[in-house]
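Have the structure open while you read.

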Amino acid sequence: MTKRTSFAIFKSVVIALFLREVQTRFGTKKMGYFWAIFDAMLMVLIFAGLKSAISDNSMPGIDFPVFLATSFLAFFLWKNIVSKSMSAFSANQALFAYRQVKPFDTIVTRVILEILVSSVATLVFLAIGVYFEFDIAIKDFNMVMFAVVWLCVFGFGLGLMSAVFAYFYETFGKIMNIIMTPLLFVSALMYTVDSLPPVLREIILYNPLVHFIEMIHGFYFHALDTQYVDYEYMIYWTLLPLFIGLFFYTKSEKRILSS
């Protein structure tokens with residue numbers, strides 16, 4: 001009998017966990033698949049309606065619903081990666097009795113699932129955009145995809161770090177969940193950084209998520225640019241949580257498995 005490699009075992013575990021995760025999250029709930037995809041759409045409809053009621057032409061050259069769609073799809077992708085990763089260890093604790101299953105596998109599985117859900121939601125948005133004849137043309141497709149992948153890595157690192165800390169310190173998880181809600185309003189999802197007064201612009205740029213959203217907007221829309229994106233700041237915020245997360249995970253994996 002051929003002995004399986006570590007990667008083959010890892011792949012088999014992730015596939016099994018993925019199927020279980022899909023069944024747990026969507027298979028047991030009515031309309032589960034619907035709400036997984038249409039969360040972002042609901043936010044776009046609400047804020048596009050509010051914007052239309054207040055002002056109709058504050059972003060010349062841009063279809064505002066498309067602007068909102070790119071914002072909320074990116075935000076929910078990042079937010080769900082972080083929040084779902086944070087609860088991955090406790091949600092799969094019973095499975096750690098099987099020696100093939102590692103806590104790290106559960107986070108990888110949840111990240112893959114969130115990317116898949118977000119990809120389906122994006123296709124739905126594109127189909128709606130084409131049907132209603134919105135301007136969905138992308139200025140630089142490769143750079144938009146690069147920004148989204150970078151955003152996922154940022155979410156993964158922060159999710160891994162948060163998962164380890166939240167597992168041992170419940171308060172940390174609660175604080176992270178509280179922080180997530182105001183981020184919806186201070187991450188340049190419904191406006192551009194350039195449209196803010198200088199004082200607010202300087203403050204909001206401390207939020208690393210703003211740089212990712214601005215990067216996606218800058219490379220998606222011909223009318224926008226990336227002048228406020230600080231790539232060095234984004235690298236720090238990507239590598240630091242990833243390093244801290246991996247460091248403390250390797251130190252505490254046995255405790256997570258045995259607790």
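In this predicted model, the side chains of arginine 110 and glutamate 21 come together in a salt bridge, at 2.9 Å from N to O. Arginine 110 belongs to helix H5 and glutamate 21 to helix H1 (residues 6-27), so this pair ties together parts that sit 89 residues apart in sequence. And are the two partners buried or exposed? Both arginine 110 and glutamate 21 are buried.

The structure has two salt bridges. The other partners are glutamate 170 and lysine 174, whose closest N and O atoms are 3.7 Å apart. That pair stays within helix H7 (residues 170-183): the two residues are four apart there, which means about one helical turn separates them. Glutamate 170 is exposed, at a relative accessible area of 57%.

| Salt bridge | N to O distance |
|---|---|
| arginine 110 and glutamate 21 | 2.9 Å |
| glutamate 170 and lysine 174 | 3.7 Å |

Back to H5, the helix of arginine 110. How does H5 (residues 103-131) pack with H3 (residues 64-86)? Their axes are 9 Å apart and the packing angle is about 160 degrees. Angles over 145 degrees count as roughly antiparallel, so that is how H3 and H5 run relative to each other. Their crossing is right-handed. On the H3 side, the contact is made by Ala69, Leu73, Leu77, Asn80, Ile81, Lys84 and Ser85. H5 brings in Ile107, Arg110, Val111, Glu114, Ile115, Ser118, Ala121, Thr122 and Phe125. Sorted by type, the residues of this contact are nine nonpolar, four polar and three charged.

With a relative accessibility of 12%, phenylalanine 125 counts as buried, the cut-off being under 20%. From leucine 73, phenylalanine 125 is 52 residues away in sequence, and their C-alpha atoms are 9.3 Å apart in space.

Now for proline 198, in helix H8 (residues 198-204). Its relative accessibility is 57%, so proline 198 counts as exposed.

Note on methods:
Residues numbered from 1 in each chain as written. Predicted model: local features only at pLDDT ≥ 70, side-chain atom pairs only at ≥ 80, totals over all residues. Heavy atoms only, no water. Axes fitted to C-alpha atoms, helices over the stretch in contact; angles between N-to-C directions. Parallel < 35°, antiparallel > 145°, perpendicular 65-115°, else oblique. Left-handed = near helix turned anticlockwise from the far one by under 90°. Contact = heavy atoms within 4.5 Å. Nonpolar A, V, L, I, M, F, W, Y, C, P; charged D, E, K, R; others polar. Salt bridge = Lys/Arg side-chain N within 4 Å of Asp/Glu carboxyl O. Buried < 20%, exposed > 50% of the residue type's maximum accessible area, 1.4 Å probe, protein only.
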